[in-house]
4 protein chains.
Amino acid sequence: MQDFTITISPRLYETDAMGHINNASIAAWFEVLRVRFMEERLASGPGAGFDPAAGVGWILAAVHIDYKGETFYGSDVTGRVIDAAVGNTSVKITGEMEQDGRQTISGYAVLVFIDMETRRPVRVPDTVRDAIG
Amino acid sequence: MQDFTITISPRLYETDAMGHINNASIAAWFEVLRVRFMEERLASGPGAGFDPAAGVGWILAAVHIDYKGETFYGSDVTGRVIDAAVGNTSVKITGEMEQDGRQTISGYAVLVFIDMETRRPVRVPDTVRDAIG
Amino acid sequence: MQDFTITISPRLYETDAMGHINNASIAAWFEVLRVRFMEERLASGPGAGFDPAAGVGWILAAVHIDYKGETFYGSDVTGRVIDAAVGNTSVKITGEMEQDGRQTISGYAVLVFIDMETRRPVRVPDTVRDAIG
Amino acid sequence: MQDFTITISPRLYETDAMGHINNASIAAWFEVLRVRFMEERLASGPGAGFDPAAGVGWILAAVHIDYKGETFYGSDVTGRVIDAAVGNTSVKITGEMEQDGRQTISGYAVLVFIDMETRRPVRVPDTVRDAIG
């Protein structure tokens, strides 16, 4: 898989009284990373036909974040998706963030694909497999 | 009008690097104050029949906040609606917040009532006038 | 260990366009849960003498959240710490959340104790061991 | 004054259950706009010498936001500072936001300059007057 990267400029309100970026702001950035990744891959790959209207969507099943180092205000952060492992009904997206050459975050999110009507897990559509594989 | 009060316990992630609660967190609390006020009045007053299904809702048209003093982590904040002025198509809700006996915030929000379908302003329903007046 | 519980009333701005509480808001609530737990235990237990001024603090090393079910606006959420496992330099706090009798979240956070000056891990102080064990 | 603009890409977690960007997220963006403006002007103008170490800082005294139109996920927002009016001890920064050619927000923030030690208002430093005028 080709890495997917985004740049995030920390915002003042994302800091906390410890003087660094708060862990919950970083969990929110992690959503930005995986959502931008899915948007980009599903629109640009062979899976461009993936269509929520087809009745399949995904939900977030799990998030894991290792806080490797503090993130500070004043310098851009690079977020990177380094792997997207497709299972039967789920996709595990692994990412990292770094600031000023230091790794600050590593983690993953598990997305489960569901039938939007029954809310039950369904096989990850082939269009998605093709797009993010 | 009888004052309406809520209690907010500041959260660590709502602080910022200046060591106090961030202004944007307080703007978010202000939403909590006006929404809880509307929910409580519309459900308990004679306007309990107010029904979004009737096709009338409101949107936020303006917010004004004066930051009178810093708000800190570690001590509860009291939010208070002190006035709700009903105009033709709008309601202006005025509120205050205090912490440890010091006023920290005063401000107001203007809600405009709209026809949910046309999105055009409509007269504030009588049920709402009765409930929050 | 005796369970520690908090109550969280979802806020409107914590919802997202999917109509439920956003995952990042829940990650923020998870901070509230563990911080309130630590505050309560360290102040009320035999470890009341634990003193950041003594130069020992903790940092968040990892968070894991399993999203078991959707959380909605309009009904209180109960957060519960069900375990706090003390290691050599870290504490693993395990928690759950539920709404209307349904489990919505389970997860854990790993806190690492550090010397505030050198920023290096140190043994979890005895006062902390006594207080949260 | 030359306009100062920033671009903000709405994030999924900034939406709310009404399907648009929540008002509190926009209040937070408004902080981003005024802070980036001050950072850029104070570093690049003749006031580059403005130094918090000199003991002068600013606090937010008031924010006013008119919500002119809904902001949605999926399309960039342009934030623009269109005026910065320097008074004796304060600066009033007026800004706007637009999305897809529609104005979504107009508003202002009042910053008061203070002596960081006494926390009392002081005259806006000449370096600041030169930089943002």
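Visitor: How many residues does the contact take from chain A, and how many from chain B?

Guide: Two residues are in contact if their C-beta atoms, placed from the backbone, lie within 7 Å. By that rule, nine residues of chain A meet nine residues of chain B. Please note that this is a predicted model, in which local features need pLDDT of at least 70 and side-chain atom pairs count only at pLDDT 80 or more, while totals for chains, interfaces and linings use all residues. Residues are numbered from 1 along each chain as its sequence is written, and chains are lettered from A and ligands numbered from 1 in the order in which they are written.

Visitor: Which classes of residue make up the side of chain A that touches chain B?

Guide: Ala, Val, Leu, Ile, Met, Phe, Trp, Tyr, Cys and Pro count as nonpolar, Asp, Glu, Lys and Arg as charged, and the others, Gly among them, as polar. On the side of chain A that touches chain B, five residues are nonpolar, three are polar and one is charged.

Visitor: How is chain A itself built, and which pattern does it follow along the sequence?

Guide: Helices (H or I, at least four residues) and strands (E, at least two) are DSSP runs, numbered from the N terminus. Chain A contains two helices and five strands, and the pattern along the sequence is β-α-β-β-β-β-α. Its C-alpha trace spans about 45 × 30 × 20 Å along the principal axes. Of the contacts in chain A between residues at least 6 apart in sequence, 70% join residues at least 24 apart.

Visitor: Which elements of chain A give two or more residues to the side that touches chain C?

Guide: In this second contact, 13 residues of chain A face 13 residues of chain C. The elements in question are α1 (23–44) and β2 (56–67) of chain A. The largest share, eight residues, comes from β2(A). By class, this side of chain A has nine nonpolar, two polar and two charged residues.

Visitor: How many bridges join β2(A) to β2 of chain C?

Guide: Two strands pair if DSSP finds at least two bridges between them. Five bridges join β2(A) to β2 (residues 56–67) of chain C, and the two strands run antiparallel. In this pairing, His64(A) has His64(C) as its bridge partner. Within chain A, β2(A) also pairs in the antiparallel sense with β5 (residues 102–115), over 11 bridges; there, the partner of Val63(A) is Ala109(A).

Visitor: In what order do the strands of the sheet stand?

Guide: An open sheet of 10 strands, paired antiparallel, has the order β1(A)-β3(A)-β4(A)-β5(A)-β2(A)-β2(C)-β5(C)-β4(C)-β3(C)-β1(C). The edges are β1 (4–8) of chain A and β1 (4–8) of chain C; each has a single partner strand, so one side of each lacks a neighbour in the sheet. From one strand to the next, the twist averages 25°, where axes are lines fitted to C-alpha atoms, for helices over the stretch in contact, and angles run from 0 to 180 degrees between N-to-C directions.

Visitor: What rotation superposes chain A on chain C?

Guide: A rotation of 180°, with 0.0 Å of shift along its axis, superposes the two with an RMSD of 0.0 Å. The two copies are therefore related as by a two-fold rotation axis. His64(A) comes closest to this axis among the residues of chain A, at 2.2 Å (C-alpha). The same surface serves both copies, as 100% of the contact residues of chain A recur in chain C.

Visitor: Is Asp130(B) buried, exposed or partly exposed, and why?

Guide: A residue is buried if 20 or more other C-beta atoms lie within 10 Å of its own, exposed if 12 or fewer, and partly exposed in between. Asp130(B) counts as partly exposed because it has 17 C-beta neighbours inside 10 Å. Asp130(B) lies in helix α2 (residues 126–132) of chain B. In chain A, buried residues make up 41% of the 133 residues.

Visitor: Where in chain A does pLDDT stay under 50?

Guide: pLDDT is the predictor's confidence in each residue, from 0 to 100. The stretch is residues 45–50 of chain A, for which the model has 17 contacts beyond four places in sequence. Where pLDDT is low, the predicted coordinates should not be read in detail. Chain A has a mean pLDDT of 90, with 92% of its residues at 70 or more, and the model scores ipTM 0.93 and pTM 0.94.

Terms used. Copies are superposed by least squares on the C-alpha atoms of residues with pLDDT of at least 70 in both.
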